[in-house]
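Please read the following report alongside the sequence and the coordinates.

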Amino acid sequence: MQMKSNSIEVNFNTNGSIESLISTINPKINWVLANNSTFGLPFVNGSQSTETYLTGNTIYTESEKSFNSESKECFVKFHLNEDLLSFTSQLPLHAGPRSGIDFSFNLLDSPDDKWTNQCMPHVIYTAEDQSFCYIIFFNPDGGYLTWVVDEPFAAWRIKYSPNGHKMVGFQLLNEADDIVGKNLPLTENLSGHIFFSEDLSTAYDRLCDILETTIISFDQSGALVGNKLPLIIHGASYADGFQIIDPQNNRQTVSSLKQLSLSTKGTYTLLPITKGRCHQTKILAHDYWQDLLHRSSDFYRKNFQDKTGAFYRVIWRDSLSPAGGITYEGIDFGNPQKMISCKTGEFGGFAGWLMIKAALSDPSDEAARLAAEKYIESWALNLDHPDKPLPGTIAAFPQEFGGRKFGAYHVYHDFNYPQYEIFLIEQLVDYYHLTKKDTIRDYAIKIGRHFVKEHINDQSAVWCQNKSTSIPRDYSTVHTPVTGLHKLATIAFDTDQTYFLKTAEKLADHICQRGLTFPTEGEQSTEDGSMACSALSLLYAYKHIQPKKEYLNTAKLILDKHRVLELNGADSRLFYSSLRFWETMYETRSWGPSINGGHAWSLWTAEAKLLYSEITDDYQVFKEAYCGFMATLSNMDENGGIFCCYTPDMLPGKPHSYDLYLENQIEKGNFIDLYETSTKFAQSQPTHSYSTSGTYTLIKATEYWNRMAGIDFTDYTAINGLLENTTFTLAIENEGTLLINGLPEEELFIILPPENTTLKIKMTPDQFQKLTFLNCEIIKIDGGYSINKIQKSFSIKPKK
């Protein structure tokens, strides 16, 4: 049976489920899971792991399909009206723990279809009272599918694979009475709509008409405090006014809202005043990067560093201690004596790296310098006890572990995860710049030579083999070894320098030749990190090693395809975050697989976009990268501690371990049945604990935002600077780069930091021809224009 309009085609299986859902935007893409027989069917007796689908009879007309259960107490109807597929239902009550309707969309890595034909959640919004919600799914080649619920419901739920690295299903629930932390509403009816669009703006406009509300969106999700951000109002006719709630919870009511003044640091909430549904918008006003860096480094130095010099992976928010904490993966929050807990390089190592960056940024910060010294010299390198290394630190002697033999300078008694060593190499390069100690440079070079010899194979790929019986895996883009090897070359001499540069180039060649293949650690999937690190590695190699055209072209292709794994929406916590959904298992005791909005690994994508914008002058990509940093920065608490992420999921997936899932167990194993049917309510940050991963945001900020800024004259928004009337004060510290988009309407004075006398401006030749530069000297250089001989400021204005 088929229902068809000018824009949508719906085909049904014989049991009444939807077999295919196709839009004229791209008729080759089926938005329903291949070989599926449950899309659109009701289920009862559901849990985290299973559900029972009802059977019954199906009645078809030209524009409507109605499924009626055998008991005749339940029905689900789909009605097609031109470009809108609507559904209504009556569902049984008290048939749980969970009951509802299945919507098995063709999610990324679902079987029996190419990943390039599949979709992922892109925009997620849930009203706090569960009165309505919508999720906009995205495929880069097929546009947007909007799924909207317009009546009260219990919850929506993404189903995750057992290891958490894949989304395998999607449900709308009318009942979920097994949730820890929140009593969800029970409703007999569920209703909503599905429609397609080629762009998000059209989707928002249509949503406003369906929900009879106003949506406030933006093109930039935050800015330095003191700036103003323009806003986009969808469905303006539904609003009688607007309410602005500032970070201190002060409320202001205005009749119109064209822009928001960011006068206070923190997150702003914007609300339309309507006669019905109310849609929230979140925007971030952030502090200067230097202030954020030192606030966070002080917090992590005081609360995360162990007497051994190690930094804990996680601490509890209430006690500011790791005591008794175990992640859902089964790893101690912070125990230097246990494998994987604190780590050198990754996890706790990031807090150590933060100390190095803080000391480099402010040479007078002696506390940060001493903490960095303790981390690198006492913990990571064991310089004061080389014969007694702890797990996860560098052993300066050969060893055997997991049935494999390793040479000197391998991580001691730990599984062979190459990224730990490459992170450490980058940290040692920074620590060498801080201390100028030859011993540190020598250690970095020895670790680097060990890394190349034992972790890079004959095909120039980084490989990982945890045990002698394990199958080797390509880890070339689990983080970015290309970056670490190049940085190491910058402090090496002669043959060592050539050796590391050539190795990095060959590794980039290997990544380029792989194309759209993205091997990764853990459960194999088309994974955000491997994709982003592929693009980042190639762009870094293009900029710093060899500007090969194939590097740039392949990176651009990967970034375009990666958009299926990026989030959007009117929420700074999610806007241009990467789409990851398993980190809470490794970094918290809060919940299992779930979307990790603003997790620090979003910065692999943001960093790739920053490099791409530097190479190509693409301002839109530059803005997206900045918003990616805003998403990660949204997870910083006022004291400088950083939460793992923001989770928009209502009901997370199952954590790895049965034993660890249940808290306050009387006897282990007695309540495993509860594991199958209960989960914690999320839809927030995991605020019980702070993680070290978030410090990666500030580590990377010191590498980019101390030298890059931008101004968009098409809407007068600023990136990494303060735009006030006719002046733009750059927030960079070093001689850097200013990207500009469009042309100013009047003369604008640009103020540089006191010590700067030159600035590189990225603009098109057409922009240059239409601008006048005053109080400076301008010279055309490779990749832009150099503004020289600046006293305190210079100005630009349009030619008449």
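## Two residues with positive phi

Gln-130 sits in the loop that runs between strand 11 (120–126) and strand 12 (133–139). In this model, which is predicted, Gln-130 takes a positive phi of about 55° although it is not a glycine. Its relative accessibility is 3%, and because buried means under 20%, Gln-130 counts as buried.

Glu-82 likewise has a positive phi of about 55° without being a glycine, and its place is in the loop between strand 8 (75–81) and strand 9. Is Glu-82 buried or partly exposed? With a relative accessible area of 47%, Glu-82 is partly exposed.

## A cis peptide bond

The peptide bond that leads from Gly-96 to Pro-97 is cis, and its omega is near 15°. Pro-97 belongs to the loop between strand 9 (84–90) and strand 10 (98–102).

## Two further loop positions

Asn-250 is located in the loop that links strand 22 (241–245) and strand 23 (251–254), and at 47% relative accessibility Asn-250 counts as partly exposed. Which residues does Asn-250 contact, once its neighbours within four places in sequence are left aside? They are Ile-244 and Ile-245. The C-alpha atom of Asn-250 is separated by 9.9 Å from that of Tyr-268, a residue 18 positions away along the chain.

Thr-647 lies in the loop between helix 13 (619–633) and helix 14 (658–661), and with a relative accessibility of 0% Thr-647 counts as buried. If residues up to four places away in sequence are not counted, Thr-647 touches Thr-584, Trp-591, Ser-594 and Ile-595, and also Ala-682, Gln-683 and Ser-684.

The largest nonpolar core contains 194 residues, and the members that touch the most other members are Phe-103, Phe-105, Phe-137, Trp-147, Trp-156 and Trp-705. Apart from residues up to four places away in sequence, Phe-137 is in contact with a set of residues that includes the aromatic side chains of Trp-31, Phe-105, Tyr-144, Trp-147 and Phe-170. The contacts of Phe-137 also include Leu-107, Cys-119, Met-120, Pro-121, His-122, Gly-143 and Leu-145. There is also a second, separate core of 23 residues, and among its members are Ala-709, Leu-730, Leu-752 and Leu-759.

## The chain as a whole

The secondary structure of the chain amounts to 17 helices and 46 strands. The radius of gyration is 27 Å, close to the 28 Å that the globule rule gives for 800 residues, so the chain is as compact as a globular protein of that length. Taken along the principal axes, the C-alpha atoms fill a box of roughly 80 × 75 × 50 Å.

Of the 800 residues in the chain, 64% are buried.

Technical notes. Residues are numbered from 1 along each chain as its sequence is written. This is a predicted model: local features need pLDDT of at least 70, side-chain atom pairs count only at pLDDT 80 or more; totals for chains, interfaces and linings use all residues. Side-chain values use heavy atoms; hydrogens and water are left out. A nonpolar core is a set of buried Ala, Val, Leu, Ile, Met, Phe, Trp, Tyr and Cys residues joined through side-chain atoms within 4.5 Å. Buried means under 20% relative accessible area, exposed over 50%, partly exposed in between (1.4 Å probe, protein chains only). Contact means heavy atoms within 4.5 Å. Helices (H or I, at least four residues) and strands (E, at least two) are DSSP runs, numbered from the N terminus. The radius of gyration is taken over C-alpha atoms; the globule rule is 2.2 Å times the number of residues to the power 0.38.
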